[in-house]
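This report describes selected local features of a predicted model. Please have the sequence and the coordinates at hand while reading.

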Amino acid sequence: PKKAAPPPADEAELTPEQQAKKAAKAAKAAEKAVKAAKAKARLAEQKVQLASAGTSDKKKKAAAASEAKQKEEAEELASALRAAEATPKGKKKDTTAAMPRSYHPPAVEAAWYDWWEQQGYFKPREGATEEPFVMVIPPPNVTGSLHLGHALTNAIQDTVMRWRRMCGRDTLWVPGNDHAGIATQTVVEKALKRERGLSRHDLGREEFLKEVYKWVEKYGGSINGQLRRLGSSLDWSRSVFTMDEKLSAAVLEAFLRMHERGLIYRDNRLVNWDCALRTAVSDIEVEDTEVAANTMLSVPGYKDKVEFGVMKEFAYPLEDGGGELVVATTRIETMLGDTAVAIHPEDDRYKHLHGKFLIHPVDGRRIPIICDAETVDMTLGTGAVKITPAHDAKDFATGKRNNLEFINILNDDGTLNANCGKYAGKPRYEVRILIEEFLTSKGLFRGTTGKDMVLGICTRSNDVIEPLMRPQWWVNCSNMAARAKAACAPSPQEAVKGESFGIRPPAAQRDWNRWLSNIRDWCI
């Protein structure tokens with residue numbers, strides 16, 4: 001057997017010659033290891049290059065095949081589209097050619113609608129005996145082009161109409177466009193201002209109406225074209241516009257009948273007045289917007305922003321010179337229309353003022369101090385409330401209860417009127433600053449505090465709504481609301497045809513009842 005190697009000697013026991021040999025051997029081994037590592041690295045690199053070259057070739061081949069396929073499909077679709085577009089208007093498209101392998105909407109949809117319309121497929125059949133199925137399109141506003149919501153709802157309506165037609169019913173879907181009153185007026189006015197620097201007042205009524213009809217002609221046709229593109233199966237021979245003579249005649253007839261029945265009446269009441277549009281707007285066109293204390297907002301017609309969310313206190317001097325009564329308001333300019341200051345009849349602080357009068361600091365009018373428990377909350381503010389019956393809904397009711405004078409301070413455009421003396425003709429928010437300065441000069445201004453508040457903003461013009469007394473036409477909604485509420489069955493299953501109806505889901509029925517229980521007469 002081979003003799004076992006002796007254990008390695010301690011480095012210190014080796015001779016210099018042995019140490020040199022050992023070092024040379026170690027160096028040679030290290031050099032060999034380095035060469036092996038380099039060779040291994042070169043081999044790995046070569047493998048990577050070979051693999052990469054193979055993958056690159058595959059990718060190039062795949063890309064070329066894909067490009068060729070796309071080119072072939074594009075040529076196929078282009079050919080189909082050329083064939084479809086070559087179809088004479090109103091003629092049936094040739095469908096004998098091979099169907100393209102992929103779906104291409106322009107090629108598929110081209111020419112069909114013109115043929116359907118030419119064939120009269122969307123019109124009711126003469127002498128038909130089948131049960132009719134008729135819908136009137138919710139007329140889109142001629143304020144611009146249709147949007148995604150229109151596409152969705154019209155697709156659903158068209159599905160219903162086509163299904164009824166397939167079931168054998170004699171169908172009619174009536175198209176039309178809505179003049180959209182204020183909305184159209186607004187967009188036309190903006191276009192006039194932007195393109196010609198003019199307002200409707202610069203043009204006058206007749207010329208402005210011509211501009212409106214130009215807009216209607218432009219966008220009404222565009223909207224009808226969009227509906228055709230959607231494939232909506234409408235009977236275009238019956239297309240109408242809400243200001244057409246026959247529709248206007250129907251509106252007048254309905255108005256007169258409702259007036260004769262007492263459903264429409266005339267009254268001088270507070271309305272939501274838009275000073276920018278110079279018109280009353282309905283409740284649903286007013287958005288109640290929460291405004292934080294000391295907020296600066298842009299208001300139409302004003303170069304500088306206006307501060308809102310500020311409660312201002314000022315004093316009314318007593319007629320007998322025996323003191324003053326401090327009130328607070330976020331609309332200090334309306335003090336020009338104040339006709340009373342209300343206190344609570346049980347408020348011990350003011351019992352000595354019952355039956356007394358104040359002096360208006362601007363025009364010297366005598367203003368009564370009235371006792372009204374419905375108006376005043378003793379725990380809020382100073383416990384004294386200024387009353388402006390012609391410019392605030394709550395004050396309007398207070399004025400009616402106490403037979404107060406109603407003083408209107410505003411013109412239609414939001415400037416102050418002749419009832420305001422030296423402030424007449426000035427914009428309302430400029431007068432807000434001037435009144436504060438005047439009261440300060442008289443020693444009657446008592447300071448300001450920030451206050452979060454809610455502003456009524458017109459959704460069409462972004463103007464701040466002013467409650468304003470105007471003779472307007474109103475619809476009496478109370479009886480109609482009661483009937484509509486009573487006709488709603490407790491559940492859809494309990495509804496009786498011709499007598500009642502049901503609403504799904506139950507939450508929507510609660511909304512229905514809540515809305516009708518708090519209905520107000522509608523300003524039209």
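## Burial of strand β10

In strand β10, which covers residues 310-317, six of the eight residues are buried, so this strand is largely enclosed by the rest of the structure. The cut-off behind this reading is a relative accessible area under 20%, below which a residue is counted as buried.

## The sheet around β10

β10 belongs to an open sheet of three strands, arranged in the order β11-β10-β16 with antiparallel pairing. The edge strands are β11 and β16, each of which pairs on one side only. Averaged over the sheet, and with direction ignored, neighbouring strands are turned by 20 degrees against each other. In general, the strands of a sheet pair through backbone hydrogen bonds, in either a parallel or an antiparallel manner.

On the side of β16 (residues 445-450), the antiparallel pairing with β10 extends over five bridges. On the side of β11 (residues 324-329), six bridges join the strand to β10, and the two run antiparallel; here the bridge partner of Lys 312 is Thr 329.

## The hairpin connection

Which residue takes a positive phi in the hairpin of β10 and β11? The residue is Gly 321, whose phi lies near 75 degrees, in a hairpin that has six residues between the strands.

Thr 339 is placed in the loop between β11 and β12, the latter spanning 340-343.

## A nonpolar surface patch

Leu 152, Ile 156 and Val 160 make a nonpolar surface patch of about 270 Å². One of these residues, Ile 156, is found in helix α4, which comprises residues 148-166.

Technical notes:
Residues are numbered from 1 along each chain as its sequence is written. This is a predicted model: local features need pLDDT of at least 70, side-chain atom pairs count only at pLDDT 80 or more; totals for chains, interfaces and linings use all residues. Side-chain values use heavy atoms; hydrogens and water are left out. Buried means under 20% relative accessible area, exposed over 50%, partly exposed in between (1.4 Å probe, protein chains only). Helices (H or I, at least four residues) and strands (E, at least two) are DSSP runs, numbered from the N terminus. Two strands pair if DSSP finds at least two bridges between them. Patches are made of residues with over 30% relative accessible area and no salt bridge: like charges are joined within 9 Å, nonpolar side chains (Val, Leu, Ile, Met, Phe, Trp, Tyr) within 5 Å. Accessible areas come from the Shrake-Rupley method with a 1.4 Å probe; for residues, only the protein chains shown count as cover. A salt bridge is a side-chain nitrogen of Lys or Arg within 4 Å of a carboxyl oxygen of Asp or Glu. Axes are lines fitted to C-alpha atoms, for helices over the stretch in contact, and angles run from 0 to 180 degrees between N-to-C directions.
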